[in-house]
Amino acid sequence: GGEDTERQAFMTFWLSRITEAVIEVYVSRILTIPVLGPSGCSQLVCDVGYLSSILKTLGAPDTCKLADVSKLLEASEEDLPQACVACEALGRDGIEKLTRKRRAWSA
């Protein structure tokens with residue numbers, strides 16, 4: 001009873017902390033990529049989706065930041081402004097960096 005509940009709470013707490021750290025490091029590394037062309041975006045969408053599915057399988061509580069990265073990578077150039085509005089978890093700085101990297105390819 002109580003011991004199982006405590007154990008579950010302990011595991012949930014640490015899974016949450018580890019997940020947050022993994023996502024932060026992963027997203028920060030994505031944001032260091034100088035230019036994201038169409039093939040790079042496609043590859044990252046696959047990679048982000050794979051990591052998200054692993055974290056969700058483990059029961060990770062929050063993968064919204066990864067979902068935001070995918071939205072921005074998948075959005076067409078016309079849909080990008082609207083996709084930016086829908087990406088709250090990534091934050092304004094992350095959104096600007098990622099969209100700038102995509103647009104650098106087009107320039």
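**The buried side of H2**

Tutor: Start with helix H2, where the buried residues are Cys41, Leu44, Val45, Val48, Leu51, Ser52 and Leu55. This is a predicted model, by the way.

Student: What covers the buried residues of H2?

Tutor: The cover includes H1, helix H3 (64–74) and helix H5 (91–106).

Student: OK, take H1. How do H1 and H2 pack?

Tutor: Helix H1 is residues 2–30 and helix H2 is residues 38–57; they pack at an angle of about 175°, with axes 12 Å apart. That makes H1 roughly antiparallel to H2, since angles over 145 degrees count as such.

Student: Which residues meet there?

Tutor: From H1, Thr19, Val22, Ile23, Tyr26 and Ile30; from H2, Leu44, Asp47, Val48, Leu51 and Leu55. Sorted by class, this contact has eight nonpolar residues, one polar and one charged.

Student: Which residues of H1 are buried?

Tutor: Ser16, Thr19, Ile23, Val27 and Ile30. What covers these buried residues of H1 includes H2, H3 and H5.

Student: Different topic: lengths. What should H1 span, going by its residues?

Tutor: The 29 residues of H1 should span 42 Å at 1.5 Å a residue, which agrees with its end C-alpha atoms being 42 Å apart.

Student: How far does H2 reach from its first C-alpha to its last?

Tutor: H2 reaches 29 Å with 20 residues, close to the 28 Å expected at 1.5 Å a residue.

Student: What comes just after H2?

Tutor: Glycine 59, which takes a positive phi of about 90°.

Student: Now the whole chain. How many helices and strands?

Tutor: Five helices and zero strands. The C-alpha trace spans about 60 × 25 × 20 Å along its principal axes.

Student: How much of the chain is buried?

Tutor: Of the 107 residues in the chain, 34% are buried.

Student: Last one: what share of the contacts comes from residues 24 or more positions apart?

Tutor: They account for 61% of the contacts in the chain that have a separation of 6 or more.

Terms used. Residues are numbered from 1 along each chain as its sequence is written. This is a predicted model: local features need pLDDT of at least 70, side-chain atom pairs count only at pLDDT 80 or more; totals for chains, interfaces and linings use all residues. Side-chain values use heavy atoms; hydrogens and water are left out. Axes are lines fitted to C-alpha atoms, for helices over the stretch in contact, and angles run from 0 to 180 degrees between N-to-C directions. Helices (H or I, at least four residues) and strands (E, at least two) are DSSP runs, numbered from the N terminus. Angles under 35 degrees count as roughly parallel, over 145 as roughly antiparallel, 65 to 115 as roughly perpendicular and the rest as oblique. Contact means heavy atoms within 4.5 Å. Ala, Val, Leu, Ile, Met, Phe, Trp, Tyr, Cys and Pro count as nonpolar, Asp, Glu, Lys and Arg as charged, and the others, Gly among them, as polar. The expected span of a helix is 1.5 Å times one less than its number of residues. Buried means under 20% relative accessible area, exposed over 50%, partly exposed in between (1.4 Å probe, protein chains only).
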